[in-house]
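Dear colleague,

Please find below the structure that I am handing over to you, followed by an account of what was found in it. I would be grateful if you could read the two together.

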Amino acid sequence: MNTEILGDTMGETRHTKVLIIGSGPAGYTAAVYASRAMLNPILVQGMQPGGQLTITTEVENWPGDSHVQGPDLMVRMEEHARAMGAEIISDYITSLDLQNRPFTAKADSGTTFTADAVILATGAQAKWLGLPTEEKFKGFGVSACATCDGFFYRGKEVVVIGGGNTAVEEALFLTNFATKVTLIHRRDSLRAEKIMQDRLFKHPKIEMQWNSEVTEVLGSENPNSVTAVRTRNLITGDVKDVPCHGFFVAIGHAPASELVKDQLPLHNGGYVEVEAGTTRTAIPGVFAAGDLTDHVYRQAVTSAGMGCMAALDAERFLAGQ
Ligand code: FAD
Ligand code: NAP
């Protein structure tokens with residue numbers, strides 16, 4: 001986090017017409033549109049400036065770029081939003097009051113933001129299995145980000161769990177370092193895109209273990225390090241230890257709706273509900289965009305599209321006030 005900016009704004013109250021919370025594709029696109037509508041938006045970036053695409057490598061489905069690195073794309077989006085006039089602040093919103101107007105957001109630095117309209121674009125965060133041993137070895141062999149940690153497993157064996165695009169991408173990426181990658185999935189087919197599955201099944205370093213769950217992460221202490229994962233076949237009940245130094249959990253993402261969970265209706269286990277075909281939430285003046293509200297598509301381009309819609313919805317709302 002940029003301490004210079006935090007220091008400058010310590011304890012202040014700032015008012016803005018539009019407060020955008022989140023700096024993924026949804027937040028930055030909302031910032032571009034809100035700036036061009038002369039709404040002088042403030043965007044608060046959160047703990048992960050650039051959002052989820054900053055923890056991946058190649059993005060091949062962003063229109064106009066057949067190959068672009070996720071972190072580069074997000075730097076470009078940030079520059080674009082700044083160039084249009086958005087104020088981008090390195091801070092984290094710790095509480096949000098949507099019951100009174102103007103809306104109030106308190107930030108980690110001590111700054112309070114008041115806003116006539118709020119665009120929620122807090123995206124999603126990695127899910128974990130919830131095993132005590134997973135927790136114990138987090139950062140010591142257990143990871144949810146191959147791009148961040150893959151390099152540590154050069155010449156070693158690793159295990160990935162999951163069956164979606166993330167798990168397949170992580171497994172393929174890890175072949176750059178590891179001698180062997182075992183992908184464990186709880187069913188006998190993947191939900192990842194077919195083109196990704198094709199690459200996965202053809203890769204000589206990748207082995208599939210179907211119909212299996214991981215019940216325990218095994219390792220040694222002082223210093224903590226992973227030596228294997230214990231698996232159980234969900235059909236036969238057979239228990240097997242798969243030796244590995246790294247265990248990557250890629251079982252999906254949960255919406256980051258903590259800030260609003262008691263203030264707005266949620267659906268499908270935590271996604272912010274919006275009126276169909278719009279980004280309007282149950283509270284007039286509060287809009288939601290991107291992975292925070294979408295349990296179906298969850299793509300960069302759909303998030304960016306919803307960011308655009310949210311800024312246009314906010315503009316119309318403010319014009320009507
Ligand atoms: P996110 O990108 O999740 O960003 C959320 C933002 O909210 C972050 O900046 C965070 O710091 C901020 N935030 C959260 N809480 C707070 C708070 N309290 N205060 C302030 N800020 C907050 N999609 C594709 O289309 N193509 C791909 O190739 C692709 N690859 C992917 C690879 C991986 C490994 C992952 C995990 C996802 C991938 N996706 C891909 C999905 C894509 O990244 C998401 O759909 C997209 O990033 C969602 O955008 P978003 O703006 O809704 O939220
Ligand atoms: P996802 O599509 O929700 O897949 C999660 C996977 O984890 C599923 O296969 C699921 O199994 C499995 N799983 C869930 N909970 C589990 C548990 N407790 N134990 C074991 N396995 C569990 O999540 P994702 O792969 O992170 O993708 C999220 C979104 O981002 C998707 O919309 C995806 O398309 C997008 N994304 C896109 C790209 C790309 O375009 N290249 C790359 C990455 C992500 P089941 O299949 O049995 O449910």
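This is a predicted model: local features need pLDDT of at least 70, side-chain atom pairs count only at pLDDT 80 or more; totals for chains, interfaces and linings use all residues.

Ligand 2

Two further side chains make polar contacts with ligand 2. Threonine 166 places a polar side-chain atom 2.7 Å from an oxygen atom of the ligand, and for glutamine 299 the distance from a side-chain N or O atom to a ligand oxygen is 2.8 Å. Of the 910 Å² of accessible area that ligand 2 has on its own, the protein covers 80%.

The shell around ligand 2 consists of 19 residues, with Asn61, Thr166, Arg187, Arg191 and Gln299 being the closest. By class, the shell holds 10 polar, 6 charged and 3 nonpolar residues. Helix α6 (residues 165-174) provides the largest share, 3 residues. Both domain 1 (2-125 + 253-319) and domain 2 (128-249) contribute at least three residues each to this shell.

Ligand 1

The contacts listed here for ligand 1 involve the protein backbone. A nitrogen atom of the ligand lies 2.9 Å from a backbone N or O atom of isoleucine 93. An oxygen atom of the ligand is 3.3 Å from a backbone N or O atom of alanine 124, and a polar backbone atom of aspartate 291 is 2.9 Å from a ligand oxygen. Ligand 1 exposes 1000 Å² when taken alone, and the protein buries 94% of that area.

In soluble globular proteins, nonpolar side chains tend to be buried together. In this model, the largest nonpolar core has 34 residues, of which Ile20, Tyr28, Trp62, Ala81, Ile119 and Phe287 touch the most other members. At least two residues of this core come from each of β1 (13-21), α2 (25-36), α3 (70-84), β8 (112-120) and α8 (300-319). The largest share, 8 residues, belongs to α8.

Yours sincerely

Notes: Residues are numbered from 1 along each chain as its sequence is written. Chains are lettered from A and ligands numbered from 1 in the order in which they are written. Side-chain values use heavy atoms; hydrogens and water are left out. A residue is near a molecule or strand if one of its heavy atoms lies within 4 Å of it. A polar contact is a pair of N or O atoms within 3.5 Å; within protein, one must be able to donate a hydrogen and the other to accept it, and residues adjacent in sequence count only if both atoms are side-chain atoms. Accessible areas come from the Shrake-Rupley method with a 1.4 Å probe; for residues, only the protein chains shown count as cover. Helices (H or I, at least four residues) and strands (E, at least two) are DSSP runs, numbered from the N terminus. Ala, Val, Leu, Ile, Met, Phe, Trp, Tyr, Cys and Pro count as nonpolar, Asp, Glu, Lys and Arg as charged, and the others, Gly among them, as polar. Domain bounds come from an automatic or database domain assignment. A nonpolar core is a set of buried Ala, Val, Leu, Ile, Met, Phe, Trp, Tyr and Cys residues joined through side-chain atoms within 4.5 Å. Buried means under 20% relative accessible area, exposed over 50%, partly exposed in between (1.4 Å probe, protein chains only).
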